[in-house]
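Thanks, everyone. I'll keep this short. Here is the model on the screen.

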Amino acid sequence: MARHFDKDIEEIKDLLLRMGAKVEHSIAHSIRALLERDTLMAEEVIERDDEIDRMEVEIDQRTIELIAKMQPAAVDLRFVATIMKITPELERIADLAQDVCERVIELNREPQLKPVTQLPQLAESAQKMVREALDSFVRGDADLARSVIRQDDIADALTEDSFRALLTYMLENPRNISPAIRLTFIGKYFERMADGATNICEMVVYLVEGKMIRHSPPEES
Amino acid sequence: MTALTMQPIRSNRTEVPLMNQTTNDVASATPAKIHVQDFDFYYGDVKTLHGINLDVPERQVTALIGPSGCGKSTFLRSINRMNDIIVDAHADGVIEIDGRNIYESGVDAVELRRRVGMVFQKSNPFPKSIYDNVAYGMRIGGLRNKRRINEIVEKSLRRAALWDEAKDRLQDSALALSGGQQQRLCIARALAVDPEILLMDEPASALDPIATAKIEELIYELKDNYTIVIVTHNMQQAARVSDRTAFFMLGKLVEYGETKTMFMNPQQKMTEDYVTGRFG
């Protein structure tokens with residue numbers, strides 16, 4: 001039997017996916033702004049963040065209305081809980097892309113540091129994880145969600161590697177300290193994006209299987 | 001050291017004495033089908049409804065909620081003058097449908113009840129066939145054209161989401177249908193005389209959860225064509241099916257507004273206490 005709430009659920013899902021697309025766009029442009037030293041592009045990402053914030057509020061309102069009117073149970077309840085946890089994660093990821101862009105603008109006022117090869121790798125890894133996290137939500141694919149969670153270790157390792165490379169530059173020449181610290185921050189931002197993708201995937205597993213795998217050892221999740 | 005204690009969550013609702021009842025009516029974009037103004041109702045000398053004011057928008061579902069004896073069913077039955085048949089009962093004030101006061105002299109109560117159909121808590125099919133139940137109102141209304149009656153029977157059963165289950169057994173007794181099917185048959189019977197408004201008095205309270213869900217979905221679909229007023233004891237049902245909710249208490253309308261507001265952020269403390277199950 002079709003239920004009229006299914007339409008509300010679809011609309012909320014659609015809204016979340018449109019928000020997700022905007023977040024992915026912000027990440028992609030923050031990476032390009034970083035690699036191409038493009039201040040203009042960085043400014044655009046920062047400007048567009050308000051739109052993502054508005055979408056987060058709209059999703060929150062729609063979801064609370066759904067709870068008030070529908071009193072969801074079982075998979076509907078897990079869906080609502082998932083939406084309410086995924087949405088702020090996405091908003092935070094977008095904020096991190098905005099933070100990357102703020103550091104890019106500062107970096108572009110200083111001479112360029114030698115390339116840190118691990119940083120673009122880390123950025124791409126985080127971008128891929130966010131994309132796959134959203135895909136796993138759309139497809140209700142718990143296996144994909146678990147594979148994203150496993151990738152978090154790679155992101156952590158790349159963060160550590162880029163930090164070590166940057167530390168070497170700082171030791172080589174004190175003039176490198178300022179840009180290297182900003183780049184260290186950027187590394188941390190991408191690493192946090194990967195964490196956000198992991199959190200989304202934990203909720204996808206919960207949505208599909210009803211199993212809370214957060215804070216449990218890998219063999220149990 | 002300060003002891004950390006959990007404080008009860010305090011509501012910022014205003015506590016309005018019932019004597020000064022207020023309504024929290026947000027102007028609706030849809031025009032009012034039913035306009036109620038200063039409506040009082042008496043059983044003998046006992047006043048059971050006190051100065052009700054509300055507008056029911058066209059093609060929306062309006063739910064009436066409140067504890068037993070709050071007057072919601074009396075109010076519902078006032079909308080098609082079903083209370084006329086009660087000895088010693090009388091009404092003051094105005095209930096307008098499409099701008100005409102249904103209580104003024106010269107209003108034909110039978111024609112009014114054709115325009116304002118009613119579905120009761122307990123399904124009450126006639127001991128006749130499914131077909132004859134739906135055709136009944138048309139026949140007593142004077143319609144004789146068989147083909148036309150056939151068309152309307154099918155259309156009404158379709159609108160009541162019963163056609164697929166009943167089309168091969170139209171001549172079977174209506175009493176052989178399940179409780180949920182019987183209730184949908186009563187809805188089909190009400191629809192067959194082409195009403196504009198449907199009044200429903202706890203239409204699902206005697207049904208199991210699946211049959212209830214079907215009735216709720218049906219109510220949601222029917223609002224495309226009809227203005228619906230439903231009395232329900234089940235607050236969750238009011239939340240699920242209605243666009244607007246009116247909360248009655250001791251014969252007064254305490255609060256009236258959009259359903260989502262009534263359930264997420266009611267303005268009156270009494271409404272909040274009722275919808276959160278603190279009394280009732």
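Start with the interface. Chain A and chain B bury about 1100 Å² between them, and 64% of that lies on carbon and sulfur atoms. Keep in mind that this is a predicted model.

Now the residue count. Chain A brings 11 residues to the contact, and chain B brings 12.

On to polar interactions. There are 6 residue pairs in polar contact between chain A and chain B, both residues at pLDDT 80 or more. The rule finds 1 salt bridge across this interface. Its partners are the side chains of B:K260 and A:E65, at 3.5 Å, N to O.

Which elements of chain A give two or more residues to the side that touches chain B? Helix 1 (4–35) and helix 2 (39–70) of chain A. Helix 2 of chain A gives the most, with 5 residues. By type, this side of chain A splits into 6 nonpolar, 2 polar and 3 charged residues.

Next, a helix pair inside chain B. Left- or right-handed crossing of helix 3 past helix 6 in chain B? Right-handed.

Which residues meet there? From helix 3 of chain B, B:I130, B:N133 and B:V134; from helix 6 of chain B, B:L185, B:A188 and B:R189. That contact divides into 4 nonpolar, 1 polar and 1 charged residue.

That's my part. Over to you.

Conventions. Residues are numbered from 1 along each chain as its sequence is written. Chains are lettered from A and ligands numbered from 1 in the order in which they are written. This is a predicted model: local features need pLDDT of at least 70, side-chain atom pairs count only at pLDDT 80 or more; totals for chains, interfaces and linings use all residues. Side-chain values use heavy atoms; hydrogens and water are left out. A crossing is left-handed if the near helix is turned anticlockwise from the far one by less than a right angle, and right-handed if clockwise. Helices (H or I, at least four residues) and strands (E, at least two) are DSSP runs, numbered from the N terminus. Contact means heavy atoms within 4.5 Å. Ala, Val, Leu, Ile, Met, Phe, Trp, Tyr, Cys and Pro count as nonpolar, Asp, Glu, Lys and Arg as charged, and the others, Gly among them, as polar. Buried area is the accessible area (1.4 Å probe) that two parts lose on being put together, summed over both. A salt bridge is a side-chain nitrogen of Lys or Arg within 4 Å of a carboxyl oxygen of Asp or Glu. A polar contact is a pair of N or O atoms within 3.5 Å; within protein, one must be able to donate a hydrogen and the other to accept it, and residues adjacent in sequence count only if both atoms are side-chain atoms.
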